[in-house]
Amino acid sequence: MANRRLLVKRLKAVRNIRKITRTMELIATSRFKKAMDRATEAAEYTRKISEIVGDLGQADLRFSHPLLEKHAEEKRSVLLVLTANRGLCGGYNAGVLRQSIAHLRGLRERGVDVSLEVSGKRGIKFLNFQKIAMAQSYMHFEDKTTFAEVNVLATRYVDDYIAGRIDRLDVAYTRFESSSKQSAVVETILPIASLAGSGGGAGSGRVDYEFLPSAEEILSEIVPAAFRARLFKCFLDAIVSEQIARMVAMKGATENADEMAGSLKQQYNRARQAGITSELAEIIGGAAALG
Amino acid sequence: MADLRLVLVTPEKTLFDRPVASLQVPLFDGGAGFYPGRAPLVGRLGAGVLLLRGASGESESYFIDGGFVQVKGPVVSVLTNSAVECGQISRRTAQQQLTDVLGERAVSDEEYRSKARRIETARRRLTAAGRE
């Protein structure tokens, strides 16, 4: 008897959890769609920037800018780790943290002074637990991160890099490759390795541009702009990937809860049937004894 | 008549993408106006008001803060960090921003330059808030 009541209780609990995970899945789905739209809209800016860079390339210009130059020695570097503020998103945070810890060790072994900057409560908690010191921690980058917020960081990095206070900037985040594949990576974004790859407008042929004030001036402005856009893209990628990870994790949890509820229900039915059978047997036994 | 198309892009989204009759942009050293058939150009923008006139003569104005303009064929692309419709800027906050910037301390040359630049931006924002 007691067993049956226990089963009912567990069944209720499992069903409640299922409701919660199902809701979280739906919320993550809608947030993912919003984040995805933002990321697609932001891609337009990057595309335009690389188009202009491509145009500059036609102007017979040597690409030289302090942000493109590698410093002679790497002494101080910054590692920016982008994690989520919330958990319950499968291996999302763990993946990023694993990559960044490995990277951090590698750099420190080579004698580079790494200052660690972490965004997201999950990352901060983990590093506190590991007793790894952080230079900065941010918790205000949520799923509606604006360019202005990221720009504050970007401006600081640009100034530090040009002034020689840092020699390298890495970002550990989850790169969005497609909606079925995201991978945790550590990318070096300063010094800028290449400007915009192939450089946009190849098909349209040469266009004779007038540069105001001059191609060099435009270049010196567009390199930081490209960097800012790149950093912003890292944040957007991280946000999209987080929602996908949460969606997948919650889908799995909901399915598990369904399965568990099914097996509990079956157990309960068996226990109930066993109870009825034994009661019947008792009655029949009693009747037989009387007759 | 050839047509002209304005694409206004910020890092967050494309704010504007439709045909216009003419437009004026704030370049780093003054204004520039574009009519259809403009020769290709890439220019650096300053802070100021982007004024555009639609096909039926209505006009819209946005306050933009730096960036680039690219003219290629009939398409004018304006890339900027932030663009706000002039009607959305409140005079009071613009005034407050100017007072804040004016109150900042600048010691080194670099700081002084950056302060001067921001004062200029704040002044232009205030002027933009006044019109419409």
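The model is predicted. Lys265(A) lies in helix H5 of chain A. Together with Arg15(A), Lys19(A) and Arg272(A), Lys265(A) forms a positive surface patch. Two helices of chain A, H1 (2-57) and H5 (215-290), each supply at least two residues of this positive patch.

Aromatic side chains were examined next. Over all chains, the structure holds five aromatic pairs. One of them joins Tyr138(A) and Phe141(A). Their ring centres are 5.8 Å apart, and their planes meet at 65°. The pair is therefore edge-to-face, a class that requires planes over 60 degrees apart. Tyr138(A) is buried, with a relative accessible area of 8%. Phe141(A) is also buried, at 10% relative accessibility.

A pair of aromatic rings is described by the distance of the centres and the angle of the planes. For Tyr209(A) and Phe211(A), the centres are 6.1 Å apart and the planes stand at 40°. Tyr209(A) has 11% relative accessibility and counts as buried. Phe211(A), at 17% relative accessibility, is buried too, since the cut-off is under 20%.

Note on methods. Residues numbered from 1 in each chain as written. Chains lettered and ligands numbered in written order. Predicted model: local features only at pLDDT ≥ 70, side-chain atom pairs only at ≥ 80, totals over all residues. Heavy atoms only, no water. Patch = residues over 30% accessible without salt bridge, like charges linked within 9 Å, V, L, I, M, F, W, Y side chains within 5 Å. Areas by Shrake-Rupley, 256 points an atom, 1.4 Å probe, with all protein chains shown as cover. Salt bridge = Lys/Arg side-chain N within 4 Å of Asp/Glu carboxyl O. Lys, Arg positive; Asp, Glu negative; His and termini not counted. Charge placed at Lys NZ, Arg CZ, Asp CG, Glu CD. Helix = DSSP H or I, 4+ residues; strand = E, 2+ residues; numbered from the N terminus. Phe/Tyr/Trp six-rings, centres within 6.5 Å; stacked < 30°, edge-to-face > 60°. Buried < 20%, exposed > 50% of the residue type's maximum accessible area, 1.4 Å probe, protein only.
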